[in-house]
Amino acid sequence: MTNNKYLETPYYVCEEELLEKNLRILDDVQKRSGAKVIVALKGFAMWSTFGLVSKYLNGCTASGLYEAKLAREEFCKHNPNAEVHTYSPAFKANEIEEIAKISDHIIFNSPNQLNRFLLKVKEINPKIHTSLRINPEVSLSPVDMYNPCGVYSRLGTTLANIDEESLKQVDGLNFHALCEQDVSALEEVLASFEANFSKYFTNLKYINFGGGHHITKKGYDVEKLIWIIKEFKKKYDVDVYLEPGEAVGWECGYLVSTVLDIFENGMNIAILDTSAEAHMPDTLSMPYRADVRGSSIANDKKYTYRLGGNTCLAGDIMGDYSFDEPLKVGDEIIFEDQIHYTFVKNTTFNGIKLPSLVIRCKSGELELIKEFGYEEYKNRLS
């Protein structure tokens, strides 16, 4: 629990020093392995930090037109040599021209999409690199919702559906099968990928290992990752890309909220001015229990509360937490590690206010970057 009289909650804080710590780790992987690391905007898109991020990473991977535009406009202005990679499960005909113009790489999800758009994107942008996303059909993802290689997956092309003639036209192959996992998971996926698809590597320029690599998490075997990449590059004479999202924003920020009301209904319940549904959606969909600063699990400390969001969704609950001192209206509650896959996915459900975006500078000063209001809610509707 903290108090800050200068900022109105709720707000996300990105700690510049911790972000740079992550970036240094990723840059070390690049330099010692020879791989290129690009940030996945689906996981980390705080473009006010791109001046810093672009000093370390080689570009962005986008999941469609709007993310590609953000990468080109806000990342490349800091680093004109940065690369923009754009993937979509299916590109729309009325967007493909703009995507081709602003992308350095385009990744097709299926041979159908590749055959439909390849000649057009090459005509629009002769320098563009093209690749096909592969489904290696092996994944250790802990949750089905985040498993791109699950049964009947729509993401990537399986071995049975490979069009060998189409592969002769691409510069690279991509696979993405991990979700916040360690290097042993990559080893298993990579073994299957090589066994099934290495016969198609001839004349390719690069292989993209996708995202989900938990490189910046304490205990991750960075040395083994570097060794794997170097051996792969030596074996196949290709460039290697990694495209982490959560590893960029991992444990470098938090969400601050305020207690609005406390009452009893079989247990103590505290209503906050934030929302699991609207502001921390992965805590419900993953699901996982976010850490709260200064708290412990229920009944471990003297005072236990169920923390709930300020929406009408019955399940808008962060969980049960215990504290050394009783909560009171006006106390601030800090949810740890809320900078990746949070504000990129948040909503204005129930008209609840979007949290502001704040940067804690290396000096320790909190800088308000963006505050949201009624217009953000209204302009999404009609």
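**Charges over rings**

I began with Arg289, whose charged end sits over the ring of Tyr321, 3.9 Å from its centre; for this I required NZ of Lys or CZ of Arg within 6 Å of the ring centre and within 35 degrees of the ring normal. I then found the charged end of Arg293 over the ring of Tyr254, 4.7 Å from its centre.

I note that this is a predicted model, in which local features need pLDDT of at least 70 and side-chain atom pairs count only at pLDDT 80 or more, while totals for chains, interfaces and linings use all residues. Residues are numbered from 1 along each chain as its sequence is written, and side-chain values use heavy atoms, with hydrogens and water left out.

**Aromatic pairs**

I counted 14 aromatic pairs, taking rings of Phe, Tyr and Trp (its six-membered ring) with centres within 6.5 Å, and calling planes under 30 degrees apart stacked, over 60 edge-to-face and the rest tilted. One of them is the tilted pair of Phe175 and Phe193, at 4.6 Å centre to centre and 40° between the planes. This pair links distant parts of the chain, for Phe175 lies in strand β8 (residues 172–175) and Phe193 in helix α7 (residues 183–197), 18 residues apart; helices (H or I, at least four residues) and strands (E, at least two) are DSSP runs, numbered from the N terminus. Both Phe175 and Phe193 are buried, meaning under 20% relative accessible area with a 1.4 Å probe, protein chains only. I also see Phe175 and Phe193 in one aromatic cluster with Phe197, Phe201, Phe209, Phe232 and Tyr236.

Note on methods:
Buried means under 20% relative accessible area, exposed over 50%, partly exposed in between (1.4 Å probe, protein chains only).
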